[in-house]
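Here is my note on the model, point by point. Please read it with the coordinates open.

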Amino acid sequence: MRKLSRRSATVAVTSIVAVGAAGAAWAAWSLTGSGTAEAKAGSVVNLKVTSAGLAGGLTPGNATTVLLTVENRNAFPVQITDIDLTRLDSPQAGCDAAANVEIVDDAALPAKATVPPGSEDKPATAQIAWSGPLRMIADPADACQGAPFTFNVHLDAQSAAS
């Protein structure tokens, strides 16, 4: 068998160490992994009408603007798509609300009927002025002068997130 010279042995050892170091470096930087994850969709919170009133008052033969304050506790903006007024009433004696005030079902929704995003702790609110959904008849009962009127408000909405 042939003997290696000192120089050949040094070159061989250095080469082996260099190749091993390169392999160790590659192994140290090359990583993989796997696993499973879970995500859960949130739930919507119904809008709340915190106040509703009339801009001015009802007068014979005229429609009036209904002012709504709407509260949103969702983390996304909402666009109001429909507003319904029901159960129109007046506690004033002699003033039958249904006989003296009409609910105008085809009154156009306001152009800006969007409520910004809010949260459970900090709900967002928007003022919505809806023009013309209530109209007093042309010849209302005299007992309806100065009478207060109450009504229920129902909103339909959808996400306005983009």
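**Notes on the predicted model**

1. Start with A129. This residue touches T65, V66, L67 and P110, leaving aside residues up to four places away in sequence; contact means heavy atoms within 4.5 Å. A129 lies in strand 6 (residues 124–136). Its relative accessible area is 45%, so A129 is partly exposed. For the classes: buried is under 20% relative accessible area, exposed is over 50%, and partly exposed is in between (1.4 Å probe, protein chains only).

2. Ground rules. This is a predicted model: local features need pLDDT of at least 70 and side-chain atom pairs count only at pLDDT 80 or more, while totals for chains, interfaces and linings use all residues. Residues are numbered from 1 along each chain as its sequence is written, and side-chain values use heavy atoms, with hydrogens and water left out.

3. Overall make-up. The protein chain has two helices and seven strands. Helices (H or I, at least four residues) and strands (E, at least two) are DSSP runs, numbered from the N terminus. Along the sequence the pattern reads α-β-β-β-α-β-β-β-β. Of the 162 residues in the protein chain, 24% are buried. Among contacts with a separation of 6 or more, 78% come from residues 24 or more positions apart.

4. Two strands pair if DSSP finds at least two bridges between them. K48 has E71 in strand 2 as its bridge partner.

5. Strand 3 (residues 78–89) and strand 5 run antiparallel and share two bridges. V78 stands opposite V115 in strand 5.

6. N72: buried or exposed? N72 has 0% relative accessibility and therefore counts as buried. The residue sits in strand 2. Its side chain reaches the backbone nitrogen of N74 at 2.8 Å. A polar atom of the N72 side chain also lies 3.0 Å from the backbone oxygen of P116. For reference, a polar contact is a pair of N or O atoms within 3.5 Å; within protein, one must be able to donate a hydrogen and the other to accept it, and residues adjacent in sequence count only if both atoms are side-chain atoms.

7. R87 deserves a look at the backbone. Its phi is near 55 degrees, a positive value in a residue other than glycine. R87 is in strand 3. With 66% relative accessibility, R87 counts as exposed.

8. The cavity. The structure holds one cavity of 30 Å³ or more. About 40 Å³ of space lies in the largest cavity. On a 1 Å grid over the protein atoms alone, a cavity is a set of points where a 1.4 Å probe fits but cannot get out; lining residues have an atom within 4 Å of a point. I83, D84, L85, I103, V104, D105 and W130 line the largest cavity. Strand 3 gives the most to this lining, with three residues.

9. The largest pocket has a volume of about 230 Å³. A pocket is an open set with protein on both sides within 12 Å along at least five of seven lines. Of its 14 lining residues, V45, N46, L47, N74 and A157 are the closest to the centre. Strand 7 supplies the largest share of the lining, five residues.

Definitions and conventions: Grid points are joined across faces, edges and corners, and a volume is the space filled by probe spheres set on the points.
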